[in-house]
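Subject: Structure handover

Hello,

Here is the structure we spoke about.

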Amino acid sequence: MSSLTALIERLPKAELHLHIEGSFEPELMFAIAERNQIEIPFKTVDDIRKAYEFENLQDFLDIYYVGMNVLQTEQDFFDLTHAYLTRAHADNVRHVEIFFDPQGHTDRGVAFSTAIDGITRALKQGKAEWGISHELIMCFLRHLSEEAAFETLEMAKPHLDKICGVGLDSSENGFPPSKFERVFAASRDLGLKLVAHAGEEGAPEYVYEALDLLKVDRIDHGNRALEDDALVKRLVDEQMTLTVCPLSNLKLGGVSSLTDHPLKRMLGLGLRAMVNSDDPAYFGGYVNQNYIETATAVGLTSVEIIQLAKNSFLGSFLPEADIARHIADIDAVSETV
Ligand code: ADE
Ligand code: ZN
């Protein structure tokens, strides 16, 4: 094992950009499909993996929404989330802020409470079993209407004790953040944190809209912000966290090779970038794999890897004292490098 791999494995990390439905491994999908007696259009786990070839974000989303159809019961959402936390724990992840897509479930007749109760039960168990702290972020699907987003926010109201924030995901191009300005304002009024996918495939203008109209606390992805020097300067000045997902960018065609990935450039510019797995069951790796493959491809130094781990906590919604404790743990590991 290389010394950088050993360092990555030993560093405490937070994951801030993880769609729980995107952690649905084919083996578990088969098991739950059988349990719920649901037909899926694949015969074997290998058939499923072979279908995971994507040209772009929409290609992936088309199969991602089919995959989540087998999730029906509270136990299904528990099993899904518990499986993710098991992997996160193996990667020395100490804190997670995970997304879920309520509309992907309520639109097919699964109650909001079924999804959130199963996810929350597993998050609590992850805390008890491994000490992994957690927050849950509910995303609005941007290809659906503003009205549908407001209906989802209404459904969330009895569950606000379990939700720390709202996000915006799904197909980006043609669905600008501006469409969701009012529902984000209403979410902010409820005391919720705000994040949005922007600049994954969409132009820098979408990142400006996320900042100026949605008033987000973090940008998910943000890669295309690099095309606009003034925007980069602003993101640096505001120390806005970018939740970067290298293997996702590779699998969805954002970069043609991981050697072209902008992560090292982002750090060099002073951006607060950090590393995540996005939809690890679909993109071929959990968080450590994202660190290891990118570090190898773009030549990250140990100093840069340590900075990424620190950024993962600095960008989190944890209280300051908890962030300081995790940073001290990272310092303790880095002193041995
Ligand atoms: N939903 C799940 N993964 C996503 C991604 N990478 N971008 C937008 N929406 C998503
Ligand atoms: Zn994402």
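The notes below cover the ligand site and then one residue elsewhere.

This is a predicted model, in which local features need pLDDT of at least 70 and side-chain atom pairs count only at pLDDT 80 or more, while totals for chains, interfaces and linings use all residues. Residues are numbered from 1 along each chain as its sequence is written, chains are lettered from A and ligands numbered from 1 in the order in which they are written, and side-chain values use heavy atoms, without hydrogens and water.

Ligand site

The shell around ligand 1 (residues with a heavy atom within 4 Å of it) includes His19, Tyr64, Asp169, His197, Glu200 and Asp278. By class, the shell has 4 nonpolar, 4 polar and 4 charged residues (Asp, Glu, Lys and Arg count as charged; Ala, Val, Leu, Ile, Met, Phe, Trp, Tyr, Cys and Pro as nonpolar; the others, Gly among them, as polar). Helix α4, residues 57-67, gives the most to this shell, with 4 residues (helices are DSSP runs of H or I, at least four residues, numbered from the N terminus).

Polar side-chain atoms lie 2.7 Å from a ligand 1 nitrogen in the case of Glu200 and 2.8 Å in the case of Asp278.

Thr114

Thr114 is in helix α7, residues 112-130. Its C-alpha is 9.7 Å from that of Phe78, 36 residues away in sequence. Beyond neighbours within four places in sequence, Thr114 is in contact (heavy atoms within 4.5 Å) with Gln72, Thr73, Glu74 and Phe77.

Regards

Terms used: A polar contact is a pair of N or O atoms within 3.5 Å; within protein, one must be able to donate a hydrogen and the other to accept it, and residues adjacent in sequence count only if both atoms are side-chain atoms. Helices (H or I, at least four residues) and strands (E, at least two) are DSSP runs, numbered from the N terminus.
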